[in-house]
Amino acid sequence: LWNIAARAGLPVFMEKPFALRGQLRQAAASAQEQRLLMLDLNRRFWPPYQSIRRSAREGRLGELKQVEVCLHVDIRPWCLVTSHRLLPSEGGVLYDLGSQAIDLACWIAGSEPRDVSVSSEGNHPTRDRVRLRLRYPSGLNVDCDLAYSPLPVERLVVRGERGEVRMTNPNMAP
């Protein structure tokens, strides 16, 4: 469907990535077609996240050592509109929030991880929890705590050899 829309010159806003990083070229043939696609990894556009990334990428924290990403989302209100997130075929919290967390980590680090490990806690759809660990060639470790939970939490901590920056609420300043 993406290739058909791209050939017709139609812009597409995609909720979650449908291709792995570096594989978009297989889904769309030309750079012009690729420019028609916007993936909804929207935290990149939130000013607090942009501020943290600048601090990390401009060297203010020194060499990055650790990043912690915590995304706990209450999906119950969304289930009043659609219950697709609760279907086993949808991938649960790993697919839903994992794509956001991994994108944030790569965006902040400026590179892709060397390896990824995952553990899962709970098997109830509205209380699904996953922990991801990303290891980067530079020695950076990223720990992600992702969950469907009645208590929403969003936090980002970036530690470097010279300091750290943290955000405990994306609606506030780092």
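A residue is called buried under 20% relative accessible area, exposed over 50%, and partly exposed in between, with a 1.4 Å probe and protein chains only. This is a predicted model, in which local features need pLDDT of at least 70 and side-chain atom pairs count only at pLDDT 80 or more, while totals for chains, interfaces and linings use all residues. Residues are numbered from 1 along each chain as its sequence is written, and side-chain values use heavy atoms, with hydrogens and water left out.

**Overall**
- The protein has 7 helices and 8 strands, taken as DSSP runs (helices H or I, at least four residues; strands E, at least two) and numbered from the N terminus.
- Of its 174 residues, 37% count as buried.
- Contact means heavy atoms within 4.5 Å; among contacts between residues at least 6 apart in sequence, 64% join residues at least 24 apart.

**Helix α4**
- Helix α4 spans residues 47-57, and its buried residues are P48, Y49, I52, S55 and A56.
- Seen down the axis of α4, these buried residues fall within an arc of 120° (taken from the directions from the helix axis to the C-beta atoms), so they line one face of the helix.
- Their cover includes β3 (64-73), α7 (98-109), β7 (153-160) and β8 (163-167).

**Strands β7 and β8**
- Strands β7 and β8 pair in the antiparallel sense over 5 bridges; pairing requires that DSSP finds at least two bridges between two strands.
- A hairpin of 2 residues joins β7 to β8.
- V157 stands opposite R166 in β8.
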